Amino acid sequence: MDQFTRFHFLSGLQTAPDGKRAIFGVTHIQENAYRHTLWLWEGKDELRPMAELGKPPLFLWENNQTLLFSAPRESKDMAPQEKEEELTAFYRLPVDGGEA
């Protein structure tokens with residue numbers, strides 16, 4: 001089991017509309033829970049984490065500079081989930097800096 005927790009699983013590779021960047025999800029186990037992170041590839045060896053997500057990543061490019069991703073990040077988004085109601089909230093994330 002210890003070896004399994006060291007694996008990182010990649011998913012959802014998507015290139016930006018201009019093909020110069022790519023985004024993908026990485027999932028790994030930490031403290032008995034799955035952790036999901038969005039990573040940005042900007043060419044050659046340029047990789048950087050973009051966002052920590054609570055659930056498996058759902059993301060797409062809005063344009064060459066902006067990502068859309070789904071995650072319950074605000075209390076108003078979490079309330080329906082606590083009642084087991086369906087809700088999907090998308091956030092914009094500029095890839096050149098900023099917060100969602």
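F7 is partly exposed, with a relative accessible area of 47%, where buried denotes under 20% relative accessible area, exposed over 50% and partly exposed the range in between, computed with a 1.4 Å probe on protein chains only. F9 is likewise assigned to the partly exposed class, at 38%. The model is a predicted one, in which local features need pLDDT of at least 70 and side-chain atom pairs count only at pLDDT 80 or more, whereas totals for chains, interfaces and linings use all residues. Residues are numbered from 1 along each chain as its sequence is written, and side-chain values rest on heavy atoms, with hydrogens and water left out.

A search of the whole structure returns 2 aromatic pairs, the criterion being that ring centres of Phe, Tyr or Trp (its six-membered ring) lie within 6.5 Å, with planes under 30 degrees apart classed as stacked, over 60 as edge-to-face and the rest as tilted. F7 and F9 form a tilted pair, with 6.2 Å from centre to centre and 35 degrees between the planes. F69 and Y91 also form a tilted pair, at 6.0 Å centre to centre and 35 degrees between the planes. This pair links distant parts of the chain, since F69 belongs to strand 6 and Y91 to strand 7, 22 residues apart; strands (E, at least two residues), like helices (H or I, at least four), are DSSP runs numbered from the N terminus. F69 counts as buried at 0% relative accessibility, and Y91 is buried as well, with a relative accessible area of 11%.

Strand 6 (residues 66-70) pairs with strand 7 in the antiparallel sense over 5 bridges, and R92 in strand 7 is the bridge partner of L68.

The side chain of R92 also meets that of E62 in a salt bridge, at 2.9 Å from N to O, a salt bridge being a side-chain nitrogen of Lys or Arg within 4 Å of a carboxyl oxygen of Asp or Glu. Because R92 lies in strand 7 and E62 in strand 5, the pair ties together parts that are 30 residues apart in sequence. R92 is exposed, with a relative accessible area of 52%, whereas E62 counts as partly exposed at 34%.

In the whole structure, 4 salt bridges are found, and R21, E42, R48 and D96 are linked in a network of such contacts. R21 counts as buried at 14% relative accessibility, E42 is partly exposed at 24%, and D96 counts as exposed at 55%.

The largest nonpolar core has 16 residues, and those with the most contacts inside it are I23, L38, M50, W61 and F69. Such a core is a set of buried Ala, Val, Leu, Ile, Met, Phe, Trp, Tyr and Cys residues joined through side-chain atoms within 4.5 Å. Strand 3, strand 4 (47-53), strand 5, strand 6 and strand 7 each supply at least two residues of this core, and strand 4 gives the most, with 3 residues. Leaving aside neighbours within four places in sequence, M50 is in contact (heavy atoms within 4.5 Å) with I23, L38, W39, L40, L93, P94 and V95.

Terms used. Pairing = 2+ DSSP bridges.
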